[in-house]
Amino acid sequence: SKRIMDLCVLHHPQSVATASLDKTIKIWDLTEGGLKATLPVNHQTGIRSLDYIPEYGGNIVSVGHENFINVWSPEASLARSYVGKLTGHNAPVVSAKFIRKSPYTISVD
């Protein structure tokens, strides 16, 4: 396994999501301990950052080294957590953050 680059605490279920250079997002169970799930990520060179918003379904955005952002909803379903891809950047995305208490994200390339 490679270096963990970022993490975020999820509210439901009580868990932590980690982003790694090994191209995975892992969900770790805080109540029972151990790995709960590995999300099927489509980042090509690893994941550099995550952000989470508990409102609006408990979504995560992930940023790798590509011109897009992935959106996940692990609180809805771990098996089908991938929501979709946000596109429109002309260069690799450096960061993406949710605007608190709103369904919007802001991103920088």
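Which strand is the place of Ile-25? Ile-25 sits in strand S3, where strands (E, at least two residues) and helices (H or I, at least four) are DSSP runs numbered from the N terminus. This is a predicted model, in which local features need pLDDT of at least 70, side-chain atom pairs count only at pLDDT 80 or more, and totals for chains, interfaces and linings use all residues. Residues are numbered from 1 along each chain as its sequence is written, and side-chain values use heavy atoms, with hydrogens and water left out.

- Ile-25 counts as buried at 0% relative accessibility, the classes being buried under 20% relative accessible area, exposed over 50% and partly exposed in between (1.4 Å probe, protein chains only).
- The C-alpha atoms of Ile-25 and Lys-2 are separated by 12 Å, with the two residues 23 apart along the chain.
- Leu-30 belongs to the loop that runs between strand S3 (25-29) and strand S4 (35-39), and with a relative accessible area of 47% Leu-30 is partly exposed.
- Together with Leu-7 and Val-9, Leu-30 forms a nonpolar patch on the surface, and the accessible area of the three together is about 270 Å².
- Such patches are made of residues with over 30% relative accessible area and no salt bridge, nonpolar side chains (Val, Leu, Ile, Met, Phe, Trp, Tyr) being joined within 5 Å and like charges within 9 Å, while the areas come from the Shrake-Rupley method with a 1.4 Å probe, and for residues only the protein chains shown count as cover.

**Salt bridges**

- Side chains of opposite charge can pair when their charged atoms come close.
- A salt bridge is taken as a side-chain nitrogen of Lys or Arg within 4 Å of a carboxyl oxygen of Asp or Glu, and by this rule the count is three.
- Lys-36 forms one of these with Asp-29, the closest N and O atoms being 3.7 Å apart; Asp-29 is buried, at a relative accessible area of 12%, whereas Lys-36 is partly exposed at 39%.
- Asp-51 forms a salt bridge with Arg-100, for which the closest N and O atoms are 3.1 Å apart.
- Because Asp-51 lies in strand S5 (residues 49-53) and Arg-100 in the loop between strand S9 (95-98) and strand S10 (105-108), this pair ties together parts that are 49 residues apart in sequence.
- Asp-51 counts as buried at 8% relative accessibility, whereas Arg-100 is partly exposed at 48%.
- Lys-101 forms a salt bridge with Glu-55, with 3.9 Å between the closest N and O atoms.
- Lys-101 lies in the loop between S9 and S10 and Glu-55 in the loop between S5 and strand S6 (59-63), so this pair ties together parts that are 46 residues apart in sequence.
- Lys-101 is exposed, with a relative accessible area of 64%, whereas Glu-55 is partly exposed at 27%.

**The four-stranded sheet**

- An open sheet of four strands has the order S5-S6-S7-S8 with antiparallel pairing, two strands being taken to pair if DSSP finds at least two bridges between them.
- S5 and strand S8 (82-86) are the edge strands, each of which pairs on one side only.
- Neighbouring strands of this sheet are turned by 20 degrees against each other on average, direction ignored, with axes fitted as lines to C-alpha atoms (for helices over the stretch in contact) and angles running from 0 to 180 degrees between N-to-C directions.
- S6 and strand S7 (residues 69-72) run antiparallel and are joined by four bridges, and a hairpin leads from S6 to S7 through five residues.
- Across this pairing Val-61 stands opposite Val-71 in S7, and the bridge partner of Ile-60 in S7 is Trp-72.
- S7 is also joined to S8 by four bridges, again in antiparallel fashion, with Ile-69 standing opposite Leu-86 in S8.

**The aromatic pair**

- A pair of aromatic rings is described by the distance of the centres and the angle of the planes.
- The structure holds one aromatic pair, where rings of Phe, Tyr and Trp (its six-membered ring) pair if their centres lie within 6.5 Å, planes under 30 degrees apart counting as stacked, over 60 as edge-to-face and the rest as tilted.
- Trp-72 and Tyr-82 form this pair, which is edge-to-face at 5.0 Å centre to centre with 65 degrees between the planes.
- Trp-72 lies in strand S7 and Tyr-82 in strand S8, so the pair ties together parts that are 10 residues apart in sequence.
- Trp-72 is buried, with a relative accessible area of 0%, whereas Tyr-82 is partly exposed at 34%.
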